[in-house]
Amino acid sequence: MSFQIALNFEDGVTRFIEANGQETVADAAYRQGINIPLDCRDGACGTCKCFAEAGSYELGDEYIEDALSEDEVAQGYVLTCQMRAASDCVLRVPASSTVCKTQQASFEASISDVRQLSESTIALSIKGESLSSLAFLPGQYVNLNVPGSDQSRAYSFSTLQKDGEVSFLIRNVPGGLMSSFLTGIAKAGDSMTLAGPLGSFYLRQIQRPLLLLAGGTGLAPFTAMLEKIAEQGSPHPVHLIYGVSNDFDLVELDRLQALSARIANFSFSACVANPQSQHPLKGYVTQHIEPCHLNQGDVDVYLCGPPPMVEAVNLYIREQGITPANFYYEKFAAAA
């Protein structure tokens, strides 16, 4: 039996390898051409120390305290020269991808669907045989090349990969290079190139309640995360607050409703900042965070939105005198 190991490098690049239960993760990485830090191979030097963010594994006892202490083992650190996977795992590697002689993967695909969901939001789906081998952690992004140019734009996956197809929610920036292509030129069958996956904003193992905060097209990584949660379930409550500027910015509410029917512990609300809104909930995301959502700090907060929103949420949580167990965030700014 083999397992999928996600290697997250410190420069944001993620590469996936397959490891069987009989080989060490280090051996599996080198077998597949990824030279993660390694020296002695005997559990004596600590050079290959990484942090395991998710998954089950065996470390054995053939390593010394100087290389990996009991406290480090308790925290989740591993020696990849000793680690043998017992499930899919996620490892944080304290080195850049270039040092490890790897790079982000590139894929060719074609547009399967492009739709304008609203005045401000475009839905793009691409499909290709090469994408069948594309693996990513829900929440991550790729760089999509703008056809007819040498430029690319970064977009988070809004779905999991299925049958070689992935999707994105893209903000419609008037006059923007990608927006102009998608709204004026793009059609099914057009070729696109993507490189990745990238980013440290992704769903970790669920160990406590989750509070998900989305601003505008910052909803995209959360719909991918929620698809994953729908597949695996959650032992803890998951609540999403989705905030936009205007009524026409609200998209994918039917999809969120469908996900709430599939995930027993999931609830969501949507709010509109414009005071002239006809939507039932008005105001900013911070105005709709309830004390129960912060669970006295025993909560993992995930936040994706424009910089002012990220700063406002940071300030709000500090003002409540609460420190979340974990706070993961992704800032984004629309690119022309």
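Tutor: Helices (H or I, at least four residues) and strands (E, at least two) are DSSP runs, numbered from the N terminus. P197, for instance, lies in strand β13. The model here is predicted, so local features need pLDDT of at least 70 and side-chain atom pairs count only at pLDDT 80 or more, while totals for chains, interfaces and linings use all residues. Residues are numbered from 1 along each chain as its sequence is written, and side-chain values use heavy atoms, with hydrogens and water left out.

Student: What is the peptide bond from G196 to P197 like, cis or trans?

Tutor: That bond is cis, with omega near 5 degrees.

Student: Which strands pair with β13?

Tutor: Two strands pair if DSSP finds at least two bridges between them. Strand β8 (residues 105-116) runs antiparallel to β13 and is joined to it by 6 bridges. Strand β10 (residues 141-145) also pairs with β13 in the antiparallel sense, over 3 bridges.

Student: Which residues of β13 are the bridge partners of E108 and N143?

Tutor: E108 has T193 as its partner in β13, and N143 has A195.

Student: Where is D163, and what is its phi?

Tutor: D163 sits in the loop between β11 (152-156) and β12 (165-171). Its phi is positive, about 55 degrees, although D163 is not a glycine. With a relative accessibility of 60%, D163 counts as exposed.

Student: What about N295: where is it found, and how accessible is it?

Tutor: N295 is in the loop between α6 (291-294) and β17 (300-305). N295 is not a glycine either, and has a positive phi of about 50 degrees. Its relative accessibility is 31%, so N295 counts as partly exposed.

Student: Which residues form the negative surface patch?

Tutor: Asp and Glu count as negative. Here the negative patch is formed by E65, D66, E70 and D71. Of these, D71 lies in helix α2 (residues 70-75) and is exposed, with a relative accessible area of 56%.

Terms used. Patch = residues over 30% accessible without salt bridge, like charges linked within 9 Å, V, L, I, M, F, W, Y side chains within 5 Å. Areas by Shrake-Rupley, 256 points an atom, 1.4 Å probe, with all protein chains shown as cover. Salt bridge = Lys/Arg side-chain N within 4 Å of Asp/Glu carboxyl O. Charge placed at Lys NZ, Arg CZ, Asp CG, Glu CD. Buried < 20%, exposed > 50% of the residue type's maximum accessible area, 1.4 Å probe, protein only.
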